[in-house]
Amino acid sequence: MSLIQDVAGGGGHDPVPGPPPLPRKDKGGKGLSPGASFALRKTGAALGTLFFVLVVNFFLFRLLPGDPIGMYTRGRNVPAEQLAQLRAELDRPILEQFLTYLRNPFSSTIDSAQFNRPVWELVTERIWPTLLLVGTAIVLASIIGVWIGIKAGWKRGKSFDKVSTGVTLTLYSMPEFWLGMILLIVFGVGVLGLPGVFPIGGISTPGVDTSSLAGWLDVAWHMVLPVTTLTLVYLAEYALVMRSSLVDEMDEDYLTTARAKGLSDKFVRRRHAVPNALLPTITLIFLNLGFTVSGAITVETVFSWPGLGLLSYEALRGPDVALLQAIFLLFSIGVVLANLVADLLYAVIDPRVRS
Amino acid sequence: MAVLELEDVSVTYRSAEGAVPAVRGVSLSVDAGRSLGLAGESGSGKTSVTSTVLRLLPKSATVTGRVLLEGEDVLTMKWGRLRAVRWATASVVFQGAMHALNPVQRVGHQIAEPIRLHEKSVSEPTARKRVGELLEQVGLPSRVAQSYPHQLSGGQKQRVMIAMALACGPKLIVADEPTTALDVMVQQQVLGVLADRVQDLGLAMVFISHDLSVLASACDDLAVMYAGQVVEQGPSDQVFDDAHHPYSRALGGAYPRIGDLRFRYAPSGLPGDPPFPGEAPSGCAFHPRCPQAREVCATTDVELRPSGERRWSSCLFAPEVGT
């Protein structure tokens, strides 16, 4: 890209002609660029957090009151010898049990009580519908939310700002399951004699082959209401954050510099104000990513969307302890990973973070 | 011919408390190759005056009078014309040590931005080469272009600001407190770089500072502002050494010169605060703080009058010159 050596990474040798010497980057003596050592540090911290999550997830479920075997096997006909085997497993020293658990945290010694299937199988099966639903909603919400935030913040106090801030604040304070139910009643069931247009639940019409084009369209049709619900709720937050961080940037001196250079209002906004204002918003979006998966619990339940959210609702209703344990672990991993991505991404987009 | 001519310029801000007159009828002119220092305390209207040159004032400000940049009135320009004039005819050296540089863009990119904007024919490699040359002209190695502002010291950032201001070969440079946030050593270096460049290129410069000694060493002429008005104007060494207005004297005395016995025995400061804009006292606005004020000062309106060869003062007791 450039003709000129990188000051930070290049470790240039040429003497500085001007009196003030250039600050040299401290490379920590390991020969790593600041970016790489930053990434390593953050990844290490994330791994540490993950281990902590494993520990908590193991011991938390052993702190639950009551007969663990009774809870694990609730509502099922378990032969006496298998029960005895389970009790023997739980009678082993706790550290030994923990090591066994660490070897494969997702495969519980017992299957899910409700579904009578290995929890790992259940969880992996349900992960894709959730990723599809939440992913689509987040992509839509960040695009629309950021757009609204820019438009409102740049012309602060104008009518678009007033209307959009009012609407987003209302959406922001709405419980997502309530919004989902309203949409479901209005557009799924139908009101005032109007028929409902969209399916009231599920991911596809029973009997439709989801690998065909028609099947894809059917799934997309089923996605409309739950995706709209989640999008409206998420975009409200993104729009509000984007607006306020743009308003914060508006008084910055470097925008006056940009205007003095003769840039038009549009370019001052696009090239200078928005890239800076986006920084906190992008972090927020990625930090939220971890929570949004678990946040979809209520919306998935309202729309009977066969994802992790609905699965955790079903596991909680049991309670299906083995399943819950696996879901808890997965959600925690999601949050830790999203945090890590947010940290690393922030370093990529903001040069100040790397040093 | 004057590169910049201000004729009876006033700036009024609208605020919740009503109209605030920050600048009241200022007239100045700067010729090519000359530099004018604008001195005064914070709030005296220095930056408001110079912000009219590129029309950089906020929307709440109303500007009256005429601001002629190479004979063309900036205040009546269409937006397209104004954008073309900005940076190409007149550029600004902001307080780069603070936040005048975009924190997430490499400085080379920021210096090249006005070149790409105003000179569409310049190719990318040429623009990059010019950025390197500009940086070397202000005493920085060309590889600084790859740095982000936070990787540079205050003095280096200020040099980058100067390089940026020179990017499009302007006729006029407005330096708005370019050395204020720097320590004294670096201040001298940066000042030297700026003065050299302006002199070599034969540019006109308006230099704002509250430090009269800095202005006296960097500028040919001085204008001292108080409460939105110019109270004294003249060649900088004369104004600094032999002020015709008590306020200029006080301002000069606030920055003692080492080794000068006069400062040693007369440590001076100025009691009181400048008036809030819009609450300027009657008569001479300075009279409540003036050590030489008499009764007439509170009742007689003052205006800038000749007080010597190429000198003007608004003080009633300034030397009289036959008109």
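Visitor: In this predicted model, which residue lies over the face of B:Trp79, and at what distance from the ring centre?

Guide: B:Arg55 lies over the face of B:Trp79, at 5.5 Å from the ring centre. In chain A there is another such case, where A:Lys266 lies over the face of A:Phe267, at 5.6 Å from the ring centre.

Visitor: How should I read a pair of aromatic rings, and how many aromatic pairs are there over all chains?

Guide: A pair of aromatic rings is described by the distance of the centres and the angle of the planes. Over all chains the count comes to seven aromatic pairs.

Visitor: Are B:Tyr226 and B:Phe286 buried or exposed?

Guide: Both B:Tyr226 and B:Phe286 are buried.

Visitor: Why is the pair of B:Tyr247 and B:Phe286 called edge-to-face?

Guide: The planes of B:Tyr247 and B:Phe286 stand at 65°, with the ring centres 5.1 Å apart, so the pair is edge-to-face; the angle that decides this is over 60 degrees. Here too distant parts of the chain are linked, for B:Tyr247 lies in helix H9 (residues 246–253) of chain B and B:Phe286 in the loop between H10 and H11, 39 residues apart. B:Tyr247 counts as buried because its relative accessibility is 1%, and B:Phe286 counts as buried at 1% as well.

Visitor: Where is B:His245 placed, and which residues is B:His245 in contact with, leaving aside its neighbours within four places in sequence?

Guide: B:His245 is found in the loop between helix H8 (236–241) and H9 of chain B, and it is buried, with a relative accessible area of 1%. Leaving aside neighbours within four places in sequence, B:His245 is in contact with B:Val231, B:Glu232, B:Phe286, B:Ser313, B:Ser314 and B:Cys315. A polar atom of the B:His245 side chain also lies 3.0 Å from the backbone nitrogen of B:Tyr247.

Visitor: Turning to the sheet, what is the order of the four strands in the open sheet of chain B, and which are the edge strands?

Guide: The order of this open sheet is S2-S1-S4-S5, with antiparallel pairing. Strand S2 (18–31) and strand S5 (72–73) of chain B are the edge strands, each pairing on one side only. Strand S1 (residues 2–15) of chain B pairs with S2(B) in the antiparallel sense over ten bridges, and B:Ser15 has B:Gly18 in S2(B) as its bridge partner.

Terms used
Residues are numbered from 1 along each chain as its sequence is written. Chains are lettered from A and ligands numbered from 1 in the order in which they are written. This is a predicted model: local features need pLDDT of at least 70, side-chain atom pairs count only at pLDDT 80 or more; totals for chains, interfaces and linings use all residues. Side-chain values use heavy atoms; hydrogens and water are left out. Rings of Phe, Tyr and Trp (its six-membered ring) pair if their centres lie within 6.5 Å; planes under 30 degrees apart count as stacked, over 60 as edge-to-face and the rest as tilted. Buried means under 20% relative accessible area, exposed over 50%, partly exposed in between (1.4 Å probe, protein chains only). Helices (H or I, at least four residues) and strands (E, at least two) are DSSP runs, numbered from the N terminus. A charge sits over a ring if NZ of Lys or CZ of Arg is within 6 Å of the ring centre and within 35 degrees of the ring normal. A polar contact is a pair of N or O atoms within 3.5 Å; within protein, one must be able to donate a hydrogen and the other to accept it, and residues adjacent in sequence count only if both atoms are side-chain atoms. Contact means heavy atoms within 4.5 Å. Two strands pair if DSSP finds at least two bridges between them.
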